[in-house]
Amino acid sequence: MSRIGKSPITIPAGVTVDVQEGVIVVKGKLGELTQKFDTVSVKVEDNQVVVERSSDDKDERAKHGLYRSLINNMITGVSEGFTITLEFVGVGYRAANQGQKLDLALGFSHNIVLEVAPEVVVETISEKGKNPLVKLTSYDKQLVGQVAAKIRSFRKPEPYKGKGIKFVGEELRRKAGKSA
């Protein structure tokens, strides 16, 4: 039995969960998310969502915990939201935004302009003497993670000096340089 899949999800106040055949819709104060599901059954009973499977088939066991986690992320997203903060480490690395356009200066011959999805709120923080930060906030965990991964892919942190775009709180594996 999946340890994650068998634990019920408590629905907080202000969130409604609607289950039709094969589709679950979660609405809250921050937005509305939908998710298709198959091979498992989802029930809403007395302020809890329960995900159950009918057999111990390998495919059903795998999807049991997956759909429970996806539904939990949807409920958390529409009630609280998700925030990812990226830190730009390196001389001359800058970030600025005009609405949903993110302008990144990462040491290339040109600036990178990235159009961010409208569901993601972009905020850039630049303080003197500190590394620039980009704060991404959204109710969709999958989308905010995808946007953060795309930004990070422009300049991944390198292991010698640690220059690049990293998540705040991320521990980088550092290497020693050449020994003379």
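This is a short chat about a predicted model of one protein chain.

Q: What's in the chain, in terms of helices and strands?
A: The protein chain has three helices and 13 strands.

Q: Ok, and is it compact or spread out?
A: Spread out: the radius of gyration is 21 Å, well over the 16 Å that the globule rule gives for 180 residues, so the chain is more spread out than a compact globule.

Q: What box do the C-alpha atoms fill?
A: Roughly 60 × 45 × 25 Å, taken along the principal axes.

Q: How much of the chain is buried?
A: Buried residues are 35% of the 180 in the protein chain.

Q: Let's go inside. Which residues touch the most other members in the largest nonpolar core?
A: F88, L102, L104, L136 and I151 do, in a core of 21 residues.

Q: Which elements give two or more residues to that core?
A: They are the strands β7 (82-89), β9 (101-105), β10 (112-115) and β12 (133-138), plus the helix α3 (141-153).

Q: Which one gives the most?
A: That's α3, with five residues.

Q: What's in the second core?
A: That one is separate and has 18 residues, including I11, V17, F37 and Y139.

Q: How many of the contacts join residues 24 or more positions apart?
A: Counting contacts with a separation of 6 or more, 52% are between residues 24 or more positions apart.

Q: New topic: charges. How many positive and negative ones are there, and how far apart are their mean positions?
A: There are 28 positive and 22 negative charges in the protein chain, and their mean positions are 12 Å apart.

Q: Is D46 buried or exposed?
A: D46 counts as exposed, because its relative accessibility is 69% and the cut-off for exposed is over 50%.

Q: What's phi like for D46?
A: Phi of D46 is near 30°, which is a positive value in a residue other than glycine.

Q: And N47, what's phi there?
A: Near 65°, again a positive value in a residue other than glycine. N47 is also in the loop between β5 and β6.

Methods
Residues are numbered from 1 along each chain as its sequence is written. This is a predicted model: local features need pLDDT of at least 70, side-chain atom pairs count only at pLDDT 80 or more; totals for chains, interfaces and linings use all residues. Side-chain values use heavy atoms; hydrogens and water are left out. Helices (H or I, at least four residues) and strands (E, at least two) are DSSP runs, numbered from the N terminus. The radius of gyration is taken over C-alpha atoms; the globule rule is 2.2 Å times the number of residues to the power 0.38. Buried means under 20% relative accessible area, exposed over 50%, partly exposed in between (1.4 Å probe, protein chains only). Contact means heavy atoms within 4.5 Å. Lys and Arg count as positive and Asp and Glu as negative; His and the chain ends are not counted. The place of a charge is taken as NZ of Lys, CZ of Arg, CG of Asp or CD of Glu. A nonpolar core is a set of buried Ala, Val, Leu, Ile, Met, Phe, Trp, Tyr and Cys residues joined through side-chain atoms within 4.5 Å.
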